[in-house]
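Please keep the sequence and the model in view while reading.

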Amino acid sequence: MSEHTPVISLQGMSKAYNMGEGRVQALSDASLALPPGEMLALTGPSGSGKSTLLNIAGLIDTPDTGRYLLDGEDVSQLDETCRTLLRRNAIGFIFQGFNLVPVMSVADNIDYPLFLAGINAGERKRRVAEMLEKVGLREQAQRRPDALSGGQRQRVAVARALVKWPRLVIADEPTANLDSHTADQVITLIRELCHAEGAACLVATHDDRLSTRCDRVLAMRDGYILPDAPFTHLAAPAVAA
């Protein structure tokens, strides 16, 4: 794969859902491309299509029409087994509600994706230790999520998403439950790790604190990516050393 090849390219994506006796058009002819290392925010009101686009990009849902290229490979109509393997190996997820396993320690939560991927124990231990350092949670490695603050839990979620070195990170409202100071720390962490690892990051957010720190912002409404503000580049604040 060329370094100029987008990590993902969504081309003419449309998706409708059955709702009662009718159908709701959730996404209409949506297209975007996301290169390595870029952090792209999707903004718009509830019902604008952000979650549907994230679900398609994350291989959780399939489009009715359109092509999805992941590292140049068309993955639009893969069977569920292939989709599951790609999700496990190539995509990391960060959720608003953290989605940590409550009975596992911080270290075990971060390790879990590596365990599922069949990575050997020595390599897993090395990667987990490295990620704990990067997110500043080495001292909390053996604590359980319910003993952590909301910001610490989100740091665990970021570490879990990035530890397997994914090509794509999907983040759904990752700062919604955080105060301003903690949100700023988490945004900085996601930016730094995605840029350092060359992972593309697709974020859905209502949070201006997050969208103004992304490399690009696309606004959505009624299932469309708005044509009046395509590929808006924002000057991200400098990250303190």
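**A walk through the predicted model**

Strand E3 (residues 39-43) and strand E9 (residues 216-221) run parallel and are joined by four bridges. Within this pairing, Ala41 stands opposite Val217 of E9.

In general terms, the strands of a sheet pair through backbone hydrogen bonds, in either a parallel or an antiparallel sense.

How much of strand E3 is buried? Five of its five residues are buried, so the strand is largely enclosed by the rest of the structure. Met39, Ala41 and Thr43 point one way from E3, while Leu40 and Leu42 point the other way, and all are buried. Strand E8 is mostly covered as well, with five of its five residues buried. From E8, Ala200, Leu202 and Ala204 point one way and Cys201 and Val203 the other, and all of these are buried.

A further set of strands is paired in the antiparallel sense: four strands form an open sheet in the order E2-E1-E4-E5. Strand E2 (22-34) and strand E5 (73-74) stand at the edges and have a single partner strand each, so one side of each is left without a neighbour in the sheet. Strand E1 (residues 8-19) and E2 run antiparallel and are joined by nine bridges. One of the residues in this pairing is Ala16, whose bridge partner in E2 is Gln25.

The loops deserve attention next. Gly47 lies in the loop between E3 and H1, and its relative accessibility of 72% means that Gly47 counts as exposed. Although Gly47 and Met220 are 173 residues apart along the chain, their C-alpha atoms are separated by 9.3 Å. The loop between helix H1 (50-57) and strand E4 (65-70) contains Thr62, which is partly exposed, with a relative accessible area of 26%. Thr62 and Asn109 are 47 residues apart in sequence, and the distance between them in space is 28 Å, C-alpha to C-alpha.

Where does Leu59 lie? Its place is also given by the loop between H1 and E4. Leu59 is buried, with a relative accessible area of 0%. The phi of Leu59, by contrast, is positive, near 60 degrees. Glu173 likewise is not a glycine and has a positive phi, of about 50 degrees. Glu173 is found in the loop between strand E7 (168-172) and helix H6 (180-197). With a relative accessible area of 10%, Glu173 is buried, because buried here means under 20%.

The last part of the walk concerns open space and the surface. Rolling a probe the size of a water molecule over the atoms shows where empty space is left. The largest pocket has a volume of about 370 Å³. Of the 17 residues that line the largest pocket, the closest to its centre are Phe93, Pro113, Leu116, Arg160 and Lys164. Several elements contribute to this lining: helix H2 (80-90), strand E6 (91-95), H3 and helix H5 (150-162) each supply at least two of its residues.

Together with Tyr112 and Phe115, Leu116 forms a nonpolar patch on the surface, and the three residues have about 280 Å² of accessible area together.

Notes:
Residues numbered from 1 in each chain as written. Predicted model: local features only at pLDDT ≥ 70, side-chain atom pairs only at ≥ 80, totals over all residues. Heavy atoms only, no water. Patch = residues over 30% accessible without salt bridge, like charges linked within 9 Å, V, L, I, M, F, W, Y side chains within 5 Å. Areas by Shrake-Rupley, 256 points an atom, 1.4 Å probe, with all protein chains shown as cover. Salt bridge = Lys/Arg side-chain N within 4 Å of Asp/Glu carboxyl O. Buried < 20%, exposed > 50% of the residue type's maximum accessible area, 1.4 Å probe, protein only. Pairing = 2+ DSSP bridges. 1 Å grid on protein atoms, 1.4 Å probe; cavity = no way out; pocket = protein on both sides within 12 Å on 5 of 7 lines; lining within 4 Å. Points joined across faces, edges and corners; volume = space filled by probe spheres on them.
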